[in-house]
Structures are given as structure tokens and as C-alpha cells.
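Dear colleague,

I am passing on a structure that I would like you to look over.

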Amino acid sequence: MTSAVPAQTSLPRHVAIIMDGNGRWAKKRHLPRAAGHVAGVAAVRNVVRAAIDIGLENLTLYAFSSENWKRPRTEVNHLMGLFRSYFCEDVNELVERNVRMRIIGSRDRVAIDIRTMIEDCERRTAANTGCNVTFAFDYGAQEEIAAAARAVAEEVRRGELDPARITPAVFAARLLTSELPDPDLIIRTSGERRLSNFLLWQAAYAELLFVDTLWPDFSRAQFIEALNTFSHRERRFGALAPEAVA
Ligand code: IPE
Ligand code: IPE
Ligand code: MG
């Protein structure tokens, strides 16, 4: 049974997904891990298309962490090959569908040609006004926070910022997500229940949803189901629910 998409007013403004379980998906089928990553790209396409069709404002996908470089060289190379083809093959569709594409993460460690592709995707979609699709690629929240702290410290040193004026908003403006609202919903597939260095600052009041589905099996219907689950969560942001206020 496919559930209906929640009303626009009950949709999260920003959904972020930790796409996990490609390796286990492949193992279950006695396939090499690489096959799981290939199937994972198909799931990315499904979910991006679903987000656009639904009219979601912001979708962020955790594609490669700053710690994923620790994996065997062959796996990293295969993943980089998949990113190359995704960024190169899908950009036209994203341009046409009015998607604004961003990539957050360190750009110092990736190959020059990938960096050029990333810049090209961002440039070609910069004027688009539809769904903001952001890939966290070579991303680590601790690195991001340390870089923001460095930026703030530099401004203080140059005499441009008074330390007394450093508020959460001032700090957040130095993060890689400064142009995006904080995620309302963070989904992690594959049954793992952790954030693995993803959007640690921005997750302050996110609803967390852990599903057992392995990423390559995560379908449009499951995405819609996750949006429905979110629409029934009560968010209080530290205050009281309206009915509890006398
Ligand atoms: C997620 O799947 C993809 C990346 C982290 C790049 P995994 O490769 O982590 O799959 P599992 O967790 O080993 O099943
Ligand atoms: C998190 O998955 C990173 C991505 C989904 C890109 P991992 O598979 O790398 O996380 P851990 O190692 O299980 O925490
Ligand atoms: Mg994993």
C-alpha cells in the first residue's frame, strides 16, 4: 500500500538522509560491495526525483564522509568513479527540473576533475529556484565546525568581530550549510542508530528516523512513508505543546 504524500504544510522543510547499507545489500546477494554502491546510485535518483515531484524545499544526502577515505583504495576509487558519472550524467536533468545543487564538504582531498565537476554542477544550477539538493561529499561535521571556529577566530584577530557578538546565528553563518534551514528530519537507513559525523550542529532539533531498509532498497514509497511519520511527530523545541499551555 502506498500512502499519500502529506499536505504541503505538514512537510518538513529540509530532509537529510544518511544513505547507509550498500555493502550489506550486496553481501546479502553474494555480490561485491561495488554492486551495492551501483544500486545505491539508482536509489539516489529515485529519492531525488520523488523530492522534486513532492515539492520538497531541501534534500541533503550524505554520500561520502571524511572518514570514508579509510576504506580500501579499490572501494574509494570505485565510489569516486560513481560520483564522476552521477555529477556528469545527472546534472542536465537537475538543471531542467529547476534543482539548485550544492556540494558540502572539504574540496581539498578530492581529485581535481571531480572538484571541477562539482563547481560546474553548482554554477549551472545556481540560478534555479526549485528544490535545493545538497550532497555531503567528503563531509565531516567536526571538520566543518572546526573550520567555522577558525573563520570566526580570524575575523576576531583582524578586529572585524567582537567576541561578545558571537551567537549561535553568527556561528551558523560560517558553516557550510549557511544557505539552508536546519534539517527537520534526518533519516538513516540500514538499521544503524548513529549520526556518523553528519550535520552535528544543524541536527539540534531534527527529528531522527532510523529505518532498517538497506539504502539500495529505499524506495519512493518508503520516502513518502517517512514524510508521513514526520508529520505525526510533535516538535516542541524546548517549549510546551500548545495544549499544555494554560
Ligand atoms: C553507504 O553504504 C555508502 C557509503 C558510506 C559511501 P556502506 O558502504 O556504508 O554500506 P554498509 O554499511 O557497509 O552496508
Ligand atoms: C555514514 O556511513 C557515511 C555515509 C552514509 C556517507 P558509514 O557506513 O561510513 O558509517 P559508520 O562507519 O557505519 O558509522
Ligand atoms: Mg555503512
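The helices named below are DSSP runs of H or I with at least four residues, and strands are runs of E with at least two, both numbered from the N terminus. This is a predicted model, in which local features need pLDDT of at least 70 and side-chain atom pairs count only at pLDDT 80 or more, whereas totals for chains, interfaces and linings use all residues. Residues are numbered from 1 along each chain as its sequence is written, chains are lettered from A and ligands numbered from 1 in the order in which they are written, and side-chain values use heavy atoms, with hydrogens and water left out.

On a 1 Å grid over the protein atoms alone, a cavity is a set of points where a 1.4 Å probe fits but cannot get out, while a pocket is an open set with protein on both sides within 12 Å along at least five of seven lines; lining residues have an atom within 4 Å of a point. Grid points are joined across faces, edges and corners, and a volume is the space filled by probe spheres set on the points. There is one cavity of 30 Å³ or more by this rule, and the largest cavity holds about 40 Å³. Its lining consists of R45, V48, R49, Y86, D90, E93 and L94, with α2 and α3 each supplying at least two residues and α3 giving the most, four. For residue classes, Ala, Val, Leu, Ile, Met, Phe, Trp, Tyr, Cys and Pro count as nonpolar, Asp, Glu, Lys and Arg as charged, and the others, Gly among them, as polar; the cavity lining then has three nonpolar, no polar and four charged residues.

Helix α2 itself covers residues 33-54, and its 22 residues reach 31 Å from the first C-alpha to the last, close to the 32 Å expected at 1.5 Å a residue, where the expected span is 1.5 Å times one less than the number of residues. Just after α2, G55 takes a positive phi of about 90 degrees.

The largest pocket has a volume of about 630 Å³. Of its 28 lining residues, M19, N22, Y62, A63 and N68 are the closest to its centre, and the elements that give two or more residues to the lining are α1 (22-28), α2, β2 (58-65) and α3 (73-96). The lining comprises 14 nonpolar, eight polar and six charged residues.

Turning to the ligands, I call a residue near when one of its heavy atoms lies within 4 Å of the molecule, and a polar contact is a pair of N or O atoms within 3.5 Å. The residues around ligand 1 include M19, D20, N22, A63, N68 and R71. An oxygen atom of ligand 1 is 2.7 Å from an N or O atom in the side chain of R71, and a backbone N or O atom of G23 lies 2.9 Å from an oxygen atom of this ligand. Taken alone, ligand 1 exposes 380 Å², of which the protein buries 87%; accessible areas come from the Shrake-Rupley method with a 1.4 Å probe.

Ligand 2 has among its surrounding residues M19, D20, Y62, A63, N68, R71 and R188. Oxygen atoms of ligand 2 lie 2.9 Å from a polar side-chain atom of N68 and 3.3 Å from one of R188. Taken alone, ligand 2 exposes 390 Å², and the protein buries 77% of that.

Finally, the second largest pocket holds about 170 Å³. Helix α5 (residues 141-157) gives the most to its lining, with five residues, and the lining as a whole has four nonpolar, three polar and five charged residues.

With best wishes

Technical notes:
Polar contact = N/O pair within 3.5 Å; in protein donor to acceptor, adjacent residues only side chain to side chain.
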